[in-house]
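Thanks for coming, everyone. Please have a look at the sequence and the model on the screen before I start.

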Amino acid sequence: MTEIQSRGSQVFDLKSLREAKKAKSPDGPVCTYTTFDSEADTANPEHPFLILRQPSGEKLRHHVTGNFMNPSRRTGFEYKTGAGPEYTDILRVDRRFEQMIRWLGENQVPVRLSGCQMADGFGIYKVHAVNYSGKVAAGTDGFLQMTIGRILAGRFQEESDPEEEEEEQEEQVKLTDISSMTDFLACAGAVLPSNIRRWAQRNLSLIRTNTISQDERRHAQRALSMMLNIQWKGAWFESIDPKRAREILDEELYGLEKVKQRIIETIIQINRTHTLPAYGLLLAGPAGVGKSQIAYAVARILKLPWASLDMSAITDPEALTGSPRVYANAKPGLIMEAFSRAGSDNVVFIINELDKADQGDSGANPADALLTLLDNLGYTDNYIECMIPTGGVYPIATANDKSRISAPLMSRFAVIDIPDYTPEEKKVIFSRFSLPKILKRMGMKAEECIIPDEAVDVVIEKFARMPGCRDLEQAAEHLAANALYQIETGDLAGVTFTPEMVRQILG
């Protein structure tokens, strides 16, 4: 049990104290309780979640009915006796239940507490919502018991710094209602691209008119909210540091020196033009060689947010381009949703598995819908009905088989072929990266799972024909799990694998 902070002889919970400072009670705010940590998954006389002060007069009985006082004014419990209402202070609270007790007090929910006498007060281990006649209020009590069950099954999650919370809330402010969007256009409309500003004003006028249906109004408001919540920054980009770019690529991938050099050479032109390269990147190679890691690394190098699109699950071009608002169930396309998630028009757009986009029933290839996005001339979503500037979009596509990509799409990319790793590179990757990563994930120490070079050679030999490094990571996990099993069951300090052991375990 951990108390939060003490001042003099009294202990204050900082969060409750901040609430108390806002109170307007004529007697001044009073914080009477401390909080404690508990991982008990049941509440009983041995594990109460709330301790009340024993009154100086008549002791509290097993069942006591009343109301929690609003903790922002005073932290206590008012209960009924034969002589009238009485009041007692809260002494200690399980931190997991602090918000629930505050909610009960703020909403003045009548409750019946069940507890027992303890050395330091009256311990509460049951609480039921009742009506004013003292009978259980079925609806409210059902919610309360469900909440208590969830609280007991969970653990208290530490809050972040209040100042950081405020900054995060400011960043997460979204323009969704008509008044906030109107005010934003009035205050900051001048920083929007001119076509988007005119489009926003037209949609705002449309929303206010009485001549359209409710569905049309809903669609117009959703489209307007999506567009205004995107940060429109223009197409000027700061220079990159080639040395730092190389460090970032080295952090993500081992080897592939020519690939890394080619990537830096492709994007370094931003240092002179302060605009993105005319062509995006198409990373082609077998599965597991690190194509996605390269894409995320480029986003870090350019200091841009990224949005991803998985083409393997798309068979209809309309899923990318959106549906017209004339339909009641209309919605924006996945490309527009990606812009919205990124919150910026300057974004690295990662198109995963471009070669997996197959034709649907209409015979159209959804990948061809990407052409306008890749041309840097502007992209129009059928739902939004406004051209979105794409000069700040840097596309990076990944593919296993280039032959399945149409020629028009291929012409929009600088193609970089990513070869498979050599056996020597795979050996280094297994020892320096895959195995330490697995051991850290499993909470094991390096000396608990030792795989010498000759044993690593067996792993590499077994997966020599498998492209990429995913099989190596799975092998590392298999061996580490075997080591952990031997340690736990055989009371060992660690396991050193021999080549014969590796062959037997991996099959």
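I will go through the sheet, then the cores, then some helices, and end with salt bridges.

Some ground rules. This is a predicted model, where local features need pLDDT of at least 70, side-chain atom pairs count only at pLDDT 80 or more, and totals for chains, interfaces and linings use all residues. Residues are numbered from 1 along each chain as its sequence is written, and side-chain values use heavy atoms, with hydrogens and water left out.

Start with the sheet. Helices (H or I, at least four residues) and strands (E, at least two) are DSSP runs, numbered from the N terminus. Five strands form an open, parallel sheet, in the order β11-β12-β15-β10-β16. Two strands pair if DSSP finds at least two bridges between them. Which strands stand at the edges? They are β11 (306–310) and β16; each has a single partner strand, so one side of each is left without a neighbour in the sheet. Neighbouring strands are turned by 20° against each other on average, direction ignored. Those angles come from axes, which are lines fitted to C-alpha atoms, for helices over the stretch in contact; angles run from 0 to 180 degrees between N-to-C directions.

Look at one pair. β11 and β12 (residues 347–352) run parallel and are joined by five bridges. There, A307 stands opposite F349. α9 (residues 257–267) lies across β10 (280–284), β15 and β16, at about 165° to β16.

Next, the cores. Buried means under 20% relative accessible area, exposed over 50%, and partly exposed in between (1.4 Å probe, protein chains only). A nonpolar core is a set of buried Ala, Val, Leu, Ile, Met, Phe, Trp, Tyr and Cys residues joined through side-chain atoms within 4.5 Å. The largest one has 59 residues. L281, L302, C449, I451, V459, L479 and F497 have the most contacts inside it. A second, separate core has 51 residues, among them A220, I335, A369 and Y379.

What does L281 touch? Leaving out residues up to four places away in sequence, its partners include I263, V298, Y394, F413 and I416. Contact here means heavy atoms within 4.5 Å.

On to helix α11. Its twelve residues, 291–302, should span 16 Å at 1.5 Å a residue; the end C-alpha atoms are 17 Å apart, which agrees. The expected span is 1.5 Å times one less than the number of residues. Buried residues in α11 include I294, V298 and L302. Just after α11, K303 takes a positive phi of about 60°. Helix α2 (residues 98–106) has buried residues too, including M100, I101 and L104. Just after α2, Q108 has a positive phi of about 50°.

Last, salt bridges: a side-chain nitrogen of Lys or Arg within 4 Å of a carboxyl oxygen of Asp or Glu. The whole structure has 23. Take D417 and K402, at 3.0 Å, N to O. D417 lies in β16 (413–417) and K402 in the loop between β15 (393–399) and α15 (407–410), so the pair ties together parts 15 residues apart in sequence.

R441 and E477 form another, with closest N and O atoms 4.0 Å apart. R441 sits in α16 (residues 423–442) and E477 in α18 (residues 470–490), 36 residues apart. Finally, R244, E247, E251, E252 and R300 are linked in a salt-bridge network.
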